Amino acid sequence: MLDRLAFIITDGILLGLIYAIAGLGLSLVLGIMGIVNVAHSAFIMLGSFFAFELFRRLGLDPIISFFLAMPVFFLLGTIVYRALLTRIERVSQSQGLVAMFGLMVLIENLSTIAWTTDTRVITAAYTNASLVLGSLYIAQVKLIAGALALVLTLLFWAFLRFTLIGRAIRAMGQNRDAALSVGIDVRRLSAVVFGLGIACAGAAGVALAMVFPFSPNTQIQWLAWAFLVVILGGLGSVANTLIAGLIIGLLQSLSTAFLPFDYVYLVLYVLLAVILVLRREGLTLVVKRAI
Amino acid sequence: MNAVSSAPILKIANVVAGYTAGHPVLRGVNLIAQPGHITGVLGPNGAGKSTLLRAIAGFLQPSSGRIVLGDEDIAALPPHRHMERRIALLPQGRSTFPELTVAENIELGGWTMRGDRARLRQAVEAMFARYPHLRALRDRPAGSLSGGQQRAVEIARLVIGDPKVLLIDEPSVGLSPIVAAQVYRELEALKAEGRTILLVDQDVRAAIKIADYAYVLSSGRNDIEGDRSAFEGDLGVMVRRWLGV
């Protein structure tokens, strides 16, 4: 029983680390820029296919793809910001939401044309291997994906806390006018923030693709997961996002172990509903809090 | 800072500006700020005082008129480009970054020095030397400080960039009389360093006390103006007139 519990907890923690980075970029963009980027999960899905194509065409290990995804998706994010976000930043939040929803639908449909709705997996050398610690078996692929997610989370935390540009990003989220007054080009920095958010989504997509099967349609599930992380962890800190991811991972792992499979998603969606009922302001409250 | 000269450092000419098209708050304001002087901008609520500062600071683009800093028209300059020209705004109310520490707040005031980190670090330490009471608070989040302490952080964040023109909006709002007096003393110290200050204030008596010259705005237009002596003694009459008593 103890062995089983240790397995469930380890599995939950590793999943939670991956879920945390799925929510991290969404949290950053929402907290700093006030943009509800519902297209976030579409970029997660693109990250999965990025790793898939590099693996299929070049035989590139997803670990390398994880680090490659960051600059590639950062660039993609800044392009999307320049092409779309600068046009909608002065419109109401609901109009912005519709625009981002349109982007999500566009990406999903183009991805379906490119890759069909077939479910894909990436089978790396270590995909089916396990690490044995006494009587505890840990899937190596989850260990690697979780470790990569932890590295990315720590990098984000250190970047926002210890670099001047990171502090400027936090300042911009806390008082935009004051940030402008001290000379910060908030529009330029917003492009960086959006780029970082999308870089995080792309990397999360690679990590998720290492562990789960995926198709263009699975992005909707990741959107719910990412929002669950943001709503549970709020936008207070990278640490809170990490804790929220870990809670969700553990809940999923425990539900999978002790409940019929059909109930797993029900538990998580009920959790989302409960949080929204308890924190009636929902995302409005979240937006008011600054990173 | 250089010695005081007589050519205006900041000239506002026929500025028309507002937040809604067709409804200007400023309806042709004219103003001159002499270098090394404190120029007061007074007037009743809704006169357009804060709007004028926001227009000068680049947050509001005038629909017509000129805002000339030295020889350059800065009317269309975006707000983040003003610090490069050493013109800085201290807005009304709290403007710290509440979750950043005092040291981080002050450091961001030196954003334009970001290419030279050693110089920036020195400038931050110079601010702690100038405002020693902030040193003990350097690692505290700015949002956890008292109103007076936050104002001191805001002033240090303003001064670290070595601005030659300071746009100060209602510096004593929400402060106790003792702390407000300290703020006005600091403004006089900044003037003594040769900096030019454009001071918007509801506290007419305190503003006139330190201003070299003052303009009174009414409904977005120039009303009366004059040096300090022109206002001394008539403050009660002026305020009663604003209040319509």
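## The interface between the chains

Chain B and chain A bury about 1,900 Å² between them, 61% of it on carbon and sulfur atoms. Buried area is the accessible area (1.4 Å probe) that two parts lose on being put together, summed over both. On the chain B side, H80(B), F97(B) and W111(B) lose the most area to chain A, together 33% of what that side buries. The structure is a predicted model: local features need pLDDT of at least 70, side-chain atom pairs count only at pLDDT 80 or more, and totals for chains, interfaces and linings use all residues. Side-chain values use heavy atoms, with hydrogens and water left out; residues are numbered from 1 along each chain as its sequence is written, and chains are lettered from A in the order in which they are written.

Contact means heavy atoms within 4.5 Å. By that rule, 22 residues of chain B touch 20 residues of chain A.

## Salt bridges

A salt bridge is a side-chain nitrogen of Lys or Arg within 4 Å of a carboxyl oxygen of Asp or Glu. The whole structure has 18 of them over all chains. Across the interface of chain B and chain A there are 2. E107(B) pairs with R167(A) in a salt bridge, with the closest N and O atoms 2.8 Å apart.

Within chain A, E53(A) forms a salt bridge with R57(A), at 2.6 Å between the closest N and O atoms. Both residues lie in helix α2 (residues 40-58) of chain A, 4 residues apart, about one turn of the helix. Helices are DSSP runs (H or I, at least four residues), numbered from the N terminus.

## Helices α1 and α8 of chain A

The axes of α1(A) (residues 2-33) and α8(A) (residues 186-211) come within 9 Å and cross at roughly 165 degrees. The pair is therefore roughly antiparallel (angles over 145 degrees, on a scale from 0 to 180 between N-to-C directions). Among the residues in contact are L15(A) and I18(A) of α1(A), and S190(A) and V193(A) of α8(A). By class, this contact has 19 nonpolar, 3 polar and no charged residues.

## Helices α2 and α3 of chain B

Helix α2(B) (residues 102-109) packs on α3(B) (residues 117-130) at about 120 degrees, with axes 9 Å apart. V102(B), A103(B), I106(B) and E107(B) of α2(B) meet L120(B), V124(B), M127(B) and F128(B) of α3(B).

Notes: Helices (H or I, at least four residues) and strands (E, at least two) are DSSP runs, numbered from the N terminus. Angles under 35 degrees count as roughly parallel, over 145 as roughly antiparallel, 65 to 115 as roughly perpendicular and the rest as oblique. Ala, Val, Leu, Ile, Met, Phe, Trp, Tyr, Cys and Pro count as nonpolar, Asp, Glu, Lys and Arg as charged, and the others, Gly among them, as polar.
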